[in-house]
Number of protein chains: 2
Amino acid sequence: MSLENQIIQIAKSARAASRITAALSSARKNTALNTIADLLIKNRETIQAENKKDVDAGRESGLSPAMIDRLTITDKVLSGMAEGLRFVAGLDDPVGSLTDSAIRPNGLEMAKMRIPLGVIGIIYESRPNVTVDAAGLCLKAGNAVILRGGSEAIHSNRALAGIIEQGMVEAGLPGSAVQVIPTADREAVNIMLKQEEDIDLIIPRGGEGLIRHVVAQSSIPVLKHYKGVCHAYVDDTADFKMAADIAVNAKAQRPGVCNALETLLVHEAVAAQFLPLAGKALADAGVTLRGCEKTCAILNDARPASQEDWEAEYLDLILAIKVVKDMDDAMAHIAAYGSNHTEAIITNDYERSRRFIREVDASLVIVNASTRFNDGGELGLGAEIGISTSKLHAYGPMGIKELTTTKFVAWGQGQIRE
Amino acid sequence: MSLENQIIQIAKSARAASRITAALSSARKNTALNTIADLLIKNRETIQAENKKDVDAGRESGLSPAMIDRLTITDKVLSGMAEGLRFVAGLDDPVGSLTDSAIRPNGLEMAKMRIPLGVIGIIYESRPNVTVDAAGLCLKAGNAVILRGGSEAIHSNRALAGIIEQGMVEAGLPGSAVQVIPTADREAVNIMLKQEEDIDLIIPRGGEGLIRHVVAQSSIPVLKHYKGVCHAYVDDTADFKMAADIAVNAKAQRPGVCNALETLLVHEAVAAQFLPLAGKALADAGVTLRGCEKTCAILNDARPASQEDWEAEYLDLILAIKVVKDMDDAMAHIAAYGSNHTEAIITNDYERSRRFIREVDASLVIVNASTRFNDGGELGLGAEIGISTSKLHAYGPMGIKELTTTKFVAWGQGQIRE
């Protein structure tokens, strides 16, 4: 079978399976999730043996220690996958619920019914745990899923897919509801991205290069974020200690993630007072500073920032600082350099807090708290499959509900249109 | 300026305008809509003079009478545009409303706030009234809009755009919030579809060819429907008169629209009784029939249907009829040939009505009523910009609310992540 036919076959069997998973009761979906969790633990040795092939090949091909670390399925990683599935099994099932119901003037009763999206394609880089996490969330929402992991993790992903399929079948569900693209051939991704009749949504997870490639190639809707260039604006009415604590937390608590702070904006009226305080706290946390001219005049250890610094997603213990004239100046900087991800203000001014929330365009706009709260768990979504900075369908963290949609349903007594 | 730079300039100025329209009060948006309505009526002669250029050119180039009809801005069409704007001004404004609010365990108060999408691109074929209707809906939802009409309507669209811009400016709003691509060059569309940084959504309205082109070219999310191959399944428990009335209404009341019936599916146990009754009613309404073998054995005036008939969107007084074994057989036919648009069942069986609603995948699934109710007005959306058969973001008729999205907002008291 040609590669193209192979991918088409996977997409069509996923579509067929999605008709079955869409109509499953929550109880049956939860049984399947718990069965897969049990099987993961039972098959630890097989999974880790397959994973070792990837890790060895990765070492030989010179993957960085960080990449090897992300690729390795330790006992702890495997237990985490199983626990994740059991957690998802315990979450509420949104499928089938009705909203926006009304009786129309002609007596037609209508509502919107929440339904699975259908078939979801996940394209991701090397972490094999995505295989299990994404499969669990998609299944809980009643979808079929096609997974395409990085070529470095191909043995691990095939092994995990085999376990998932076995769990599905043991629970009486179609095994083809979760499929892994079984080849490392990159052309497989491009073919997958054209199956718009049989795949309803693509979620890419990985670096900006991967995501731009997916968006450029796909005729299927894509939910994505390219990067997180997050700002915090310290207003002249801010509590300085609160602002410094938030800056340190947002930058340094976990610098390698998309909701970490990249640029601090400071009202010029308080720069001379606030920056030395914040600068010390940031330095104590190991953060290196890049500042605008005014910032560098106040903080001796800040290096001058260039244009690239305002655009940078450092994902590292580096922070850009800019002194701004006022909140409007801060909002203009955010509009120019922000990535619609997370934007924070620290203020005690009522009217500015309202305007910032209303006017700043980002998936989370937050007052007097850390940017790190842009996270499905922190915002109460239960579990998250990623964060979207596209505005269509979902803007911000995506949980189970964002893996569903609604259709209109109506009940009549013979109504016809006049 | 090159065409590419011209389009980029339009997209960037729309993005800038969208920041202003996003923060407008409902009162100011409504004033603008009513001002534009007044100006349309006041400038009737100018608009119709420009429209005449398009109509004359269309006649010369041999456009069909139906196309000329859709292109012509009669007094009635112009009044309809103005009334449409006033109607939209009277609708509720969804922007700024909060939902899903909660206080997190750490005291963080969060919610989802409804916001405009930003910049919407509409790509459509010859009807110039779309220029005004689409602009009005997008503006009411707080968006900026870029309009690209058919080349046959270029003079009309430029004239209408001029009036809209004048109305915006008179109402104190940025004129660049509504822009028409001022060239008939088809390359302009392809360039527009790559401006993903500055355009948030593309809505194509027109034939399947246009829509497939847009989907293939666009790196911006697209809301669309290709076609409406709608079915009605007549169960063996159906009220025959109700079923025949619905079939006639769904097929013949307005055959040229996407929610018209294309295929009637009939339970084999009642085919011999029901089909003569329905066949006569359909023939009386001028409908020509194409039937499966069993149908043709019952109805002498039905011509044998071929494979193409099951796939056809006739948009005409032609109906395909197929006798099916039972509801499962009907649902399998719908899954194979349906277009996720509108699917109806006529039944008196409780369990089947539930299963059909739950299991059939279409933007409207309806029991005991005409497929023609898949319409924004009929379902209570107020006004509609189109119907989506994509499942992302909106599935079914799209009103003002579907031209918005939600962002997360949160209010803290200094919270940081542990």
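Which residue in strand 13 of chain B is the bridge partner of A:Val409? The model is predicted, so local features need pLDDT of at least 70 and side-chain atom pairs count only at pLDDT 80 or more, while totals for chains, interfaces and linings use all residues. Residues are numbered from 1 along each chain as its sequence is written, and chains are lettered from A and ligands numbered from 1 in the order in which they are written.

The partner of A:Val409 is B:Val365. Likewise, A:Trp411 has B:Val367 as its bridge partner. Strands are DSSP runs of E with at least two residues, helices are runs of H or I with at least four, and both are numbered from the N terminus. Two strands pair if DSSP finds at least two bridges between them.

Within chain B, strand 13 also pairs in the parallel sense with strand 12 (residues 342-346), over 4 bridges. There B:Ile345 stands opposite B:Val367. Between the two strands the chain passes through helix 15 of chain B, and this β-α-β crossover is right-handed (with the strands pointing away from the viewer, the path from the first strand over the helix to the second runs clockwise). Strand 13 of chain B is largely enclosed by the rest of the structure, because 6 of its 6 residues are buried (20 or more other C-beta atoms within 10 Å of a residue's own, with C-beta atoms placed from the backbone).

The contact takes 57 residues from chain A and 57 residues from chain B, where contact means C-beta atoms, placed from the backbone, within 7 Å. On the chain B side, strand 16 of chain B gives the largest share, 11 residues.

Definitions and conventions. Contact = placed C-beta atoms within 7 Å. Buried ≥ 20, exposed ≤ 12 C-beta atoms within 10 Å, placed from the backbone.
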